[in-house]
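Here are my notes for your first pass through this model. Keep the structure open and check each point as you read.

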Amino acid sequence: MSLSGRFSRFRAQSFSDKAFDIVNYTLLALIAFLVLYPLYFIVIASFSDPVAINNGQVTLWVKGFNTDGYRKIFENTKIWRSYANTIGYTVVGTMINLALTMMLAYPLSRKNYCLRKPILFMAMFTMYFSGGMIPTFLWMSDLHLYNTRAVLVLLPAINVFNLIIAMNYIKNSIPEELYEAASLDGYGHIQYFTKIVLPLSQTIEIVLILYYGVAHWNEFMNGLIYIRDEALYPLQLTLRAILLQNQASSLGDVDSMMEQQKAAELIKYGLIIVSSLPVMVIYPFVQKHFSKGVMLGSIKG
Amino acid sequence: MKALQKNDKPMLLRTRKAFIRDWQLMVLCILPVAYFIIFHYVPMYGVQIAFKDFRAIDGIWGSPWCGFKHFRRFFTSPQFWPLLKNTLGLSFLQLAIGFPIPIILAIMLNQAKSYKFKRFVQSVVYCPHFISIVVLTSMLYIFLSPRNGIVNTVIQALGGDPIFFLGEAKYFKLTFVISGVWQNAGWSAIIYIAALAGISPDLYEAAAVDGANKWQRIWHIDIPGILPTIVMMFILEVGKVMNLGMQKAYLMQNAQNLAASEIISTYIYKVGLINAQYSYSAAINLFNNLVNIFLLVSCNALAKRVTKNSLW
């Protein structure tokens, strides 16, 4: 619609509708600003002089440009070790997630599978009731999984919400006739699953990779409960030690509390950026897929 | 006897037929089902330590039974009422503020007719959802700092006194809920946006012919149109009441705000894993889960009766 067309339509609206639109657009713009500004501030603060930030001089643009904070982060081996750990947990964990979720989603998507109902119930029941932290913790210790990398990738291996999204997707988007045709060619379920269902479900696989990947990247609680050894720390535990606890040991050779705090002050903004970077970099490209996941999940199964 | 055998045979045959037909599906299920058993159902069976006196040498299965001792201890402990009050207070504030805002946001976005503007706002408001809880909490310390945080700078500019939001118990709940809105309102709005997109355009045209203004269209078409979704999301939200934001509450806790920020789920963690009172902690956890299921089931039943919408 041309601009003048739009304008004349606007004029044709009643006064109350016009007022509504003006208020609505203004509020939405304000909301966008309130969400965006804190993120923007972290970015400019990460390149600014900590003294200027402390005095409240950094508001709209970088002040006293420097990259000391980033340099300090790159020099800190503890940060990099936990960064590498988290990359490992994310890659391996997401692969396990994807494999197990799809392996279960396909059988559950078949309406006449004789074990469909009991298995689906078994999975859904865990959404509402769980053994809780302590029984799980004691059992993991019995299995010798305490303080191992394995526990971080195995414990969250299937998320039931994601399972249901995948199940609904396969059920609704892959036509039953395909299975009939494939079975005439002598395909069994396993062959049909690997040769036809998996390649045709790329949309949902991307959504699953994103959801599971972000969850692994941001995972904090399982690390807190199960990891004692600093060499195995996921990124979020190191972040907490530096950003929230100002922990002396996390920053290496710094002596006094004051020095300690100054160092933390210097790197905290940069650290937020560096730690959120992978998620934020892929975000604009995959935003559509992210929201698709929610919509797929909302289809009642 | 004869009749029984007669009935047995087709049953066995049916099972065999089903097995021949479905065995490959069963093979696919083996690993995932093993996962659920090992990582979810064994711990569920391990809940029995809530009724036992846990001893490390005997393990979960061998420790002696002690009945409801740990539950009685929790109900009569001085922490019980403050914990319950904090947990429910936080959850209800979350429901009162955190639940309606995504709905309002979705309706506002639905009313914005400029496609580009709408896309831009959507991309922006979904974004904070992907920030980790640790980063979010440290951002709270940065922006709410009483010395140089932006929020307090604004408060001072308006003539108020700086407030240490994270260091006073009375501000904890509001800070928790509002920061949650900042992080998740956009993301939670997606499902309502999808529901709004599914409303038939005929309804709007008919309303326009009748001369309904935007308010009336929202009130009489949009809201009834997404009501089933709202009810469903509300039940799900109630299902989280007792387990709300454990990680965030734990990270936001400090000595000054502990009076308001200690909720049942953080207490379970501290008692269980920091103080190693395994059985006591498991008992509190079980109580918490049972209250949660009770709330979920009754909310579902109520919704079924009143609105004919429900989860199951």
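1. Start with a term. A helix here is a DSSP run of H or I with at least four residues, and helices are numbered from the N terminus. With that in hand, find A276(B): it sits in the loop between α14 (264–274) and α15 (278–307) of chain B. Remember throughout that this is a predicted model.

2. Look at the backbone of A276(B). Its phi is positive, about 55°, although the residue is not a glycine.

3. N147(A) is not a glycine, yet it has a positive phi of about 60°. Where is N147(A)? It lies in the loop between α7 (133–142) and α8 (149–154) of chain A. There are 13 other C-beta atoms within 10 Å of N147(A), and because of that count it is partly exposed.

4. Now take the fold of chain B. Its secondary structure comes to 15 helices and 0 strands. Chain B is more spread out than a compact globule, because its radius of gyration is 26 Å, well over the 20 Å that the globule rule gives for 312 residues. Along the principal axes, the C-alpha atoms of chain B fill a box of roughly 85 × 60 × 35 Å.

5. Stay with chain B and ask about its interior. What share of its 312 residues counts as buried? The figure is 38%. Contacts in chain B also reach along the sequence. Among those between residues at least 6 apart, 66% join residues at least 24 apart.

6. Turn to chain A. It has 15 helices and 0 strands. Of its 301 residues, 37% are buried. Among contacts in chain A between residues at least 6 apart in sequence, 71% join residues at least 24 apart.

7. Chain A is also split into domains. The assignment gives domain 1 (3–66) and domain 2 (70–298). How far apart are the C-alpha centres of these two domains of chain A? They lie 33 Å apart.

8. Check where the two domains of chain A touch. In this contact, 5 residues of domain 1 meet 6 residues of domain 2. Helix α2 (residues 15–46) of chain A gives the largest share of the domain 1 side, with 4 residues. By class, that side of domain 1 has 4 nonpolar residues, 1 polar residue and no charged ones.

9. Next, the contact between the chains. Chain B puts in 69 residues and chain A puts in 72. Which helix gives the largest share of the chain B side? That is helix α1 (residues 2–45) of chain B, with 18 residues. The chain B side divides into 49 nonpolar, 18 polar and 2 charged residues.

10. Finish with one residue that touches the other chain. N289(B) sits in helix α15 of chain B. Leaving out residues up to four places away in sequence, N289(B) touches F129(A), S130(A) and G132(A). Within its own chain, the C-alpha atom of N289(B) is 9.9 Å from that of K240(B), and these residues are 49 apart along the chain. N289(B) has 18 other C-beta atoms within 10 Å, so it is partly exposed.

How values were computed: Residues are numbered from 1 along each chain as its sequence is written. Chains are lettered from A and ligands numbered from 1 in the order in which they are written. This is a predicted model: local features need pLDDT of at least 70, side-chain atom pairs count only at pLDDT 80 or more; totals for chains, interfaces and linings use all residues. Domain bounds come from an automatic or database domain assignment. Two residues are in contact if their C-beta atoms, placed from the backbone, lie within 7 Å. Ala, Val, Leu, Ile, Met, Phe, Trp, Tyr, Cys and Pro count as nonpolar, Asp, Glu, Lys and Arg as charged, and the others, Gly among them, as polar. A residue is buried if 20 or more other C-beta atoms lie within 10 Å of its own, exposed if 12 or fewer, and partly exposed in between; C-beta atoms are placed from the backbone. The radius of gyration is taken over C-alpha atoms; the globule rule is 2.2 Å times the number of residues to the power 0.38.
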